[in-house]
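These are my notes on one model, taken in the order in which I looked things up.

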Amino acid sequence: MTESMHLSRRALAGCLLILLSPFAGLVRATEPQAMPSDLWRVYQDARHNNSELAAARADQAARAEAVPQARAGLLPTLSASAEHNGTSTSLQQPRQATRRSGTSYQAVLNQPVFRAERWFGLKAAEAEDQQAMLELAAAEQKLMLDSAQAYFGLLKAQDALAAATAEEAALKRQLALAQRGLQLGLSDRTDVLQAAAGHDTAQANRIVARKRTDDAFEALDTLTHQQYPALQGLRHDMPVLLPEPNDARRWVDSAVRQNLTLQASQYALEATQQTLKARKAGHAPTLDAVLRYQVGDNDNLGYGNSDIRGSGYGGNVQQRSVGLQLNIPLFSGGQTSSQVREAYQRMSQRESLNDNLRRQVVEQTRNLHRGLNSGADQVRARRQSIISNQGAVLASQLGLQVGTRNIVDVLEAQRQLYNAVRQYNDSRYDYILDTLRLKQAAGTLSPEDLKALCDYLKADYDPDRDFLPPEFPRRLAAR
């Protein structure tokens, strides 16, 4: 090999070290834009505009009306009525015809004294009201988690897009160098084709990442009914801590006591138990106190003796009565017995559903606690893997310079590096969301948890610059 060929190879290797440096050229000047929104604003917009939460509030308000409706069955009722009648009477012997007309008024006050069915119905309505309030609280907790998922899902998509864009640019430079090497006789056509395949794959991945970012923006808009030009990003110095307390049994105990969905299910079970009692009470007698007052024309009411009626007396008559009305159900065609059997089966169904839900909550809590422990370790391991892959890229580049590696080795090292960056970012966002999910399962998730996360957001976050920890380019430059 001639001296000029050695010089050309050294020159090409020097270009590779510059152009193929990990994260080279990632920091770009950005145009000033509107103040990015943070997680708290997104959550507040969702609370005020989210249609699902508005529907849950309306459902709770509607179901709360069952309590006064059931209570009304135990309170007195007052009714008033008026009646006007005209009567024509004809006699053949002696031939005679009479006409009478009159108006009467009546007021009736009814006070239930013993109505076991209605009493248990009120208890069932109160349990259903508690169930509705807990389901609304669970919907509000779900909205907190949905807001965080939409917010950090968008950040994840933006970081993945930035990594895909940087990878595409790096592999494009790799392709250009392979083509240049082919012209200089330092590489063959296979290297060019493999570099082109890597670049085309990276380009396709970048297109997919762009679509996922647009979809994430759309999901956030749907959740909040607002549009956000930019969001504050997550700082890389956010502490990654183990759950406190780091005891799965205590988290499970908290979930069994405080999980809102499980509490709502328990009130639903209580409602079916009270409904069963109400249906059984359908066999019991009922007792009402009745106060009646009537006033009207004597002929119309039909009161007085025959002499008075016969004389055509048309004066007003008043009547007052107070009494107790006892009703003993004897047979209703089997309807009451059928309703008892139906209520019993509904109660059995709810018991099974409640037991299954409890098992699911326990399983979910344990899995989330276990996943959060592994997730915290995973974030640290993924961050370390970026350093390791950076070293692999540098080693491949140096190997290329001395002739022990080829361009394909450098290409593969670059792909592994950007894959490590994506996995690191995914693990960060998954850790945050798993933390919120664990608190939701334990029934302790609150708006303050979202507000606390805002302390680790970066107002001037630029995905193209900040999708990886800031110290890595400096470390590389120091080498």
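Predicted model: local features only at pLDDT ≥ 70, side-chain atom pairs only at ≥ 80, totals over all residues.

**Entry 1: H225 and the ground rules.** I looked up H225 and found that it counts as partly exposed, at 46% relative accessibility. The classes I use are buried for under 20% relative accessible area, exposed for over 50%, and partly exposed in between, with a 1.4 Å probe and protein chains only. Residues are numbered from 1 along each chain as its sequence is written, and side-chain values use heavy atoms, with hydrogens and water left out.

H225 is in the loop between α6 (189-224) and β3. My element names follow DSSP runs numbered from the N terminus: helices are H or I with at least four residues, strands are E with at least two. I noted H225 for its positive phi of about 60 degrees, although it is not a glycine. Most residues other than glycine have a negative phi, and most peptide bonds are trans.

**Entry 2: a cis bond.** I then checked omega. The peptide bond from E244 to P245 is cis, with omega near 0 degrees. P245 belongs to the loop between β3 (233-234) and α7 (248-258).

**Entry 3: two helices and what follows them.** I compared end-to-end spans with the expected value, which is 1.5 Å times one less than the number of residues. Helix α5 (residues 116-184) has 69 residues and reaches 99 Å from first C-alpha to last, close to the expected 102 Å. G185 follows α5 and has a positive phi near 80 degrees. For α12 I have 36 residues and a reach of 53 Å, close to the expected 52 Å. The residue after α12 is G443, whose phi is positive, near 80 degrees.

**Entry 4: aromatic pairs.** Which rings pair up in this model? I counted rings of Phe, Tyr and Trp (its six-membered ring) as paired if their centres lie within 6.5 Å; planes under 30 degrees apart are stacked, over 60 edge-to-face, and the rest tilted. The rule gives three aromatic pairs. The W40 and Y43 rings have centres 5.7 Å apart and planes at 50 degrees, so I logged this pair as tilted. W40 and Y43 both lie in helix α2 (residues 39-49), three residues apart, about one turn of the helix. An α-helix has 3.6 residues a turn, so residues three or four places apart point the same way. W40 is partly exposed at 23% relative accessible area, whereas Y43 is buried at 3%.

The Y151 and F152 rings have centres 5.4 Å apart and planes at 80 degrees, so this pair is edge-to-face. Y151 is buried at 0% relative accessibility, and F152 is buried at 1%. Ring pairs link Y151, F152 and Y429 into a cluster.

**Entry 5: charges over rings.** My test was NZ of Lys or CZ of Arg within 6 Å of the ring centre and within 35 degrees of the ring normal. R428 lies over the face of Y429, 5.2 Å from the ring centre. The charged end of K451 sits over the W40 ring, 4.4 Å from its centre.

Entry 6: I listed some C-alpha separations. A72 and R118 are 46 residues apart in sequence, with 9.1 Å between their C-alpha atoms. A72 lies in helix α4 (residues 66-72) and is partly exposed at 39%. T261 and L136 are 125 residues apart, with their C-alpha atoms separated by 9.6 Å. T261 is in helix α8 (residues 260-280) and is partly exposed at 42%.

**Entry 7: the second largest pocket.** A pocket here is an open set of points on a 1 Å grid over the protein atoms alone, where a 1.4 Å probe fits, with protein on both sides within 12 Å along at least five of seven lines; lining residues have an atom within 4 Å of a point. The second largest pocket holds about 430 Å³, the volume being the space filled by probe spheres set on points joined across faces, edges and corners. Its lining has 19 residues, with L241, Y431, T435, K439 and L453 nearest the centre. The elements giving two or more residues to this lining are α12 (407-442) and α13 (447-453). α12 gives the largest share, six residues.

By class the lining has 14 nonpolar, one polar and four charged residues. For this I took Ala, Val, Leu, Ile, Met, Phe, Trp, Tyr, Cys and Pro as nonpolar, Asp, Glu, Lys and Arg as charged, and the others, Gly among them, as polar.
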